[in-house]
Amino acid sequence: MTVTQSLQPSLPPARRLPEPRAMLRLVKPITWFPPMWAYLCGAVSSGVSPMSNLGLVMLGLALAGPITCGMSQAANDWCDRHVDAVNEPDRPIPSGRVPGRWGLWIALAMSVLALLVGWQLGPWGFGATILAVLAAWAYSAEPVRLKRSGWWGPGLVGLSYETLPWITGAAVLSAGMPDARILIVALLYGIGAHGIMTFNDFKALEGDRVHGVDSLPVTLGPDRAARLACAIMLAPQLVVAGLLWAWGDPVHAALIAALIVAQLAAMRRMLRDPKGLAPWFNGTGVLLSVAGMMVAALALGGA
C-alpha cells in the first residue's frame with residue numbers, strides 16, 4: 001500500500017438493498033393523517049355508528065393512510081429524485097439509502113396492494129381506490145405530471161386527500177351513494193385543501209424554480225401565493241358554515257365560524273413572513289381547518 005492510498009478516506013460500499021428506516025421515511029407516515037381523517041369524517045357523516053362496522057372502518061383507514069397515501073409518497077419521491085437531489089439530498093433515494101430502482105418497485109408493489117385491499121371494501125371502496133391510484137401517478141409521473149402546475153397539482157391532491165376518502169368512508173359505511181349534503185361538504189373541503197397544499201410548496205421553492213415546477217409560490221411569489229392560499233382555504237369553510245346554518249344546525253355552524261376566526265389570527269401572523277412561517281402555519285392554522293371537518297361531519301351525521 002502506498003502512502004497516498006493510506007491517506008485516502010475509505011468510502012462505504014454502494015448499497016444493493018434498501019435501508020429499512022429509509023423505506024419507512026420514503027412512505028412518509030406524517031402525511032397519512034389527512035386522508036385517514038377524511039375517511040373517518042366520511043364514516044361519521046354517514047350517520048352509521050363506526051363501532052357497528054369497526055372492521056370496515058379500520059380497513060378503510062389502513063387503505064387511505066399507510067397503503068394508498070404511502071404509495072403516493074413513494075411514487076412522488078421516485079419521480080422527484082432529481083429535484084430532491086437539489087432540495088433535500090438526504091432523502092432516501094438521492095442519498096442512496098434506497099438504491100437503484102427500489103423506489104419504483106416499492107411504489108408499484110404498493111399500488112397493487114392498494115387495489116387488492118380496496119377490493120375488500122366493495123364496489124365503492126374499490127372504485128375509489130382505482131381513482132386514488134391513478135391520481136397518485138398522474139400527480140407525479142411523466143408525461144402527465146400535474147404537479148408541474150400550481151393549480152392542477154394542489155387541486156388534484158386536495159380532492160384525493162379530502163373529498164375522495166370522505167365520500168368513500170360515507171359510502172362504505174352506508175353501503176350506497178351518500179346524500180347530496182355529504183357530497184357537497186366533502187367537495188368543499190377538498191377545494192379548501194388546494195390552499196393547504198400550496199403552503200406545502202413553500203419548502204421546495206428553490207428546487208421547483210430550477211426544475212421548472214410552476215407552483216404558485218414560484219409563479220406568484222411567496223407573498224401573493226400565501227394570500228391566495230388563505231383565500232382558497234377560507235372560502236369553502238365559510239360556505240360550509242352557511243350551509244349548516246341554512247340546514248337548521250346553527251350550533252355546528254357557529255363552531256366552524258369560531259374555527260375560521262382562529263385561522264384568521266394564525267394567517268395574520270404567517271403573512272408577515274410566508275416563506276419562513278409556512279411550516280408553523282401547517283401546524284396551527286391547518287389544524288384548525290381539520291378540526292372543522294369533524295365538526296361538519298358530526299353535524300351531517302346528526303350528532
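1. A salt bridge is taken here as a side-chain nitrogen of Lys or Arg within 4 Å of a carboxyl oxygen of Asp or Glu. In this predicted model, the side chains of glutamate 19 and arginine 97 form such a pair, with an N to O distance of 4.0 Å. The two residues lie 78 residues apart and link distant parts of the chain. Glutamate 19 sits in the loop between H1 and helix H2 (20-26), while arginine 97 belongs to the loop between helix H5 (81-87) and H6. Over the whole structure, the search finds eleven salt bridges.

2. On confidence, the mean pLDDT of the protein is 91, and 95% of the residues score at least 70. Helix H6 (residues 102-119) has the highest value, 97. Helix H1 (residues 3-7) has the lowest, with a mean of 47. The pLDDT stays below 50 over residues 1-9, and this stretch makes one contact in the model beyond near neighbours in sequence.

3. On helix packing, helix H9 (residues 180-200) packs with helix H14 (residues 274-282) at an angle of about 130°, the axes being 9 Å apart. H9 is therefore oblique to H14. Their crossing is left-handed.

4. The contact between these two helices involves Ile196, Phe199 and Asn200 on the H9 side, and Ala278, Phe281 and Asn282 on the H14 side. By class, the residues of the contact of H9 with H14 comprise four nonpolar, two polar and no charged.

Note on methods. Residues numbered from 1 in each chain as written. Predicted model: local features only at pLDDT ≥ 70, side-chain atom pairs only at ≥ 80, totals over all residues. Heavy atoms only, no water. Axes fitted to C-alpha atoms, helices over the stretch in contact; angles between N-to-C directions. Helix = DSSP H or I, 4+ residues; strand = E, 2+ residues; numbered from the N terminus. Parallel < 35°, antiparallel > 145°, perpendicular 65-115°, else oblique. Left-handed = near helix turned anticlockwise from the far one by under 90°. Contact = heavy atoms within 4.5 Å. Nonpolar A, V, L, I, M, F, W, Y, C, P; charged D, E, K, R; others polar. pLDDT = per-residue confidence, 0-100.
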